[in-house]
Amino acid sequence: MFKKGSKLYSIFTGSCPKCHEESMFKNKNPYALAEALDMHETCSNCGTKYKIEPSFFYGSMYVSYAVGIAFAVAAFVISFFVFKASIHYVFISIVVTLVVFMPIILRLSRNIWINFFMSYDKTLAKK
């Protein structure tokens, strides 16, 4: 399921969607906030250009919204049903979850967005 060659591998590792060999991001740590969204221009292994067109990653905002909702729903379910928290604490847990996981949500949404438009190519992985 998470093997090289699957979209999930590329999404969760942040690797090149064509060859799965190199990370798209310059710094692997998403919590280095100054560099959180700094990406390489191209893959050093296969030469894939990550920005297909100007403002390409604006579309990832829509994906980011959906991923943020998924995180918020997870925080709600855990705090309300598992910990039996009051509605005030549930709200606080949702806000804290979204703030803490914001860099991960941003990167994850970029990875999902680029994988909509590019697919794995075995021939490029062997370069």
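H40 is in contact (heavy atoms within 4.5 Å) with E22, S23, M24, F25, K26 and Y50, when residues up to four places away in sequence are not counted. The structure is a predicted model, in which local features need pLDDT of at least 70 and side-chain atom pairs count only at pLDDT 80 or more, while totals for chains, interfaces and linings use all residues. Residues are numbered from 1 along each chain as its sequence is written, and side-chain values use heavy atoms, with hydrogens and water left out.

H40 belongs to the loop between helix 1 (7-13) and helix 2 (60-82); helices (H or I, at least four residues) and strands (E, at least two) are DSSP runs, numbered from the N terminus. One of the residues that H40 touches is M24, and the C-alpha atoms of H40 and M24 are separated by 5.8 Å although the two residues stand 16 apart along the chain. The relative accessibility of H40 is 28%, so H40 counts as partly exposed. On this scale, buried means under 20% relative accessible area, exposed means over 50%, and partly exposed lies in between (1.4 Å probe, protein chains only).

Most residues other than glycine have a negative phi. With 3% relative accessibility, H20 counts as buried, whereas S55, with a relative accessible area of 44%, is partly exposed.

Y65 is located in helix 2. Its relative accessibility is 61%, and Y65 therefore counts as exposed. Y65 and S109 are 44 residues apart along the chain, and their C-alpha atoms are separated by 8.6 Å.

Helix 3 (residues 87-100) packs with helix 4 (residues 102-117) at an angle of about 60°, and the two axes are 4 Å apart. Helix 3 is therefore oblique to helix 4. Angles under 35 degrees count as roughly parallel, over 145 as roughly antiparallel, 65 to 115 as roughly perpendicular and the rest as oblique. The axes are lines fitted to C-alpha atoms, for helices over the stretch in contact, and the angles run from 0 to 180 degrees between N-to-C directions. On the side of helix 3 the contact involves L98, V99 and V100, which meet M102, P103 and I105 in helix 4. The residues of this contact comprise six nonpolar, no polar and no charged (Ala, Val, Leu, Ile, Met, Phe, Trp, Tyr, Cys and Pro count as nonpolar, Asp, Glu, Lys and Arg as charged, and the others, Gly among them, as polar).

The protein chain as a whole contains five helices and zero strands, in the sequence pattern α-α-α-α-α. Its C-alpha trace spans about 55 × 30 × 25 Å along the principal axes. Of the 127 residues, 38% count as buried. Among contacts between residues at least 6 apart in sequence, 61% join residues at least 24 apart. The accessible surface of the protein chain is about 8,100 Å², with 68% belonging to carbon and sulfur atoms; accessible areas come from the Shrake-Rupley method with a 1.4 Å probe, and for residues only the protein chains shown count as cover.

The pLDDT (the predictor's confidence in each residue, from 0 to 100) averages 94 over the protein chain, and 98% of the residues score at least 70. Confidence is lowest in helix 5 (residues 122-125), with a mean of 83, and highest in helix 3, at 98.
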